[in-house]
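Reader: I would like to go through this model one term at a time. Please set each value beside its definition.

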Amino acid sequence: MKIVAKMTTFLICLLLLATPVLAGEINLSVAASLKDVINELTDGYAGKNPAVTFVKNYGASGALAKQIENGAPADIFVSANLEWMEYLRGRKLVERATIGTFAYNSLVFAGAPGKATSLKDLVKLDRIAIGSPKSVPAGEYATEALRKAGIDKQVEKKLVMAKDVRECLMYAERGEVDGAFVYRTDALLAKQAKILFTVPQGLYPRVAYPMGLTTAGARNRDAEAFYRYLQGSDAKAVLTRYGFALQ
């Protein structure tokens with residue numbers, strides 16, 4: 001009986017060694033303006049780590065934060081402002097020690113050439129796309145800039161709300177609006193719309209993208225490894241190529 005038991009144990013060990021260890025999937029919740037960067041980085045990472053799979057969720061930072069709060073699976077959260085990262089941290093849904101800045105950006109106004117050259121010109125336009133300020137950081141930045149420029153009341157009826165910054169750009173690309181408030185990196189990807197002017201930095205807080213592991217992600221070794229990858233030289237090279245600032 002002892003010999004049989006030893007043989008059984010030996011066979012089980014052989015089977016375990018022969019069975020590949022399947023890596024868990026990594027769930028990403030990322031601000032829409034980082035879609036192209038993250039797609040390229042996940043493709044590159046998966047090429048070197050074929051056992052890893054990614055589930056990517058792009059959208060407005062506020063909408064993503066609310067989804068995570070309501071139980072949506074997420075290992076890594078990258079927001080377009082600190083407010084929504086702090087929102088989750090305050091609810092103990094993000095590991096505080098892992099929160100750091102992934103990249104920086106700037107706010108521009110994009111549309112058909114000749115439409116506007118400064119914020120003051122916006123009062124002459126008919127339709128202006130802006131991300132919903134309640135959930136889209138770009139919209140919140142734009143709203144503050146309009147207020148500080150003293151033209152918020154003059155343009156409020158001209159504003160066309162969008163679910164995220166990419167939808168703003170889409171409206172401008174299709175000519176459905178005279179222009180849109182988007183991030184510089186989004187405008188650089190546009191085929192039809194052009195950057196008409198850069199919103200003065202003094203009118204809104206600097207655009208920063210905080211990144212952190214969720215409480216679930218902190219227990220996911222694959223998520224931790226990819227989180228470190230996002231802090232490395234490969235990620236920085238891709239961010240720079242897409243026009244993001246690193247400091």
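Reader: What makes the place of S61 a helix, and which one?
Author: S61 lies in helix α3, residues 61-69. A helix here is a DSSP run of H or I, at least four residues, numbered from the N terminus. This is a predicted model, where local features need pLDDT of at least 70, side-chain atom pairs count only at pLDDT 80 or more, and totals for chains, interfaces and linings use all residues. Residues are numbered from 1 along each chain as its sequence is written, and side-chain values use heavy atoms, with hydrogens and water left out.

Reader: Why is S61 called buried?
Author: Buried means under 20% relative accessible area, with exposed over 50% and partly exposed in between (1.4 Å probe, protein chains only). S61 has 1% relative accessibility, so S61 counts as buried.

Reader: Which residues does S61 touch?
Author: Leaving out residues up to four places away in sequence, S61 touches A31, F77, S79, A80, W84, S135 and P137. Contact means heavy atoms within 4.5 Å.

Reader: Why does V165 count as buried?
Author: V165 has 3% relative accessibility and therefore counts as buried. V165 is in helix α7, residues 165-174. Among the residues V165 touches, beyond four places in sequence, are S33, A138 and Y183.

Reader: What is the mean pLDDT of the chain?
Author: The mean is 91, and 91% of the residues reach 70 or more. pLDDT is the predictor's confidence in each residue, from 0 to 100.

Technical notes: Helix = DSSP H or I, 4+ residues; strand = E, 2+ residues; numbered from the N terminus.
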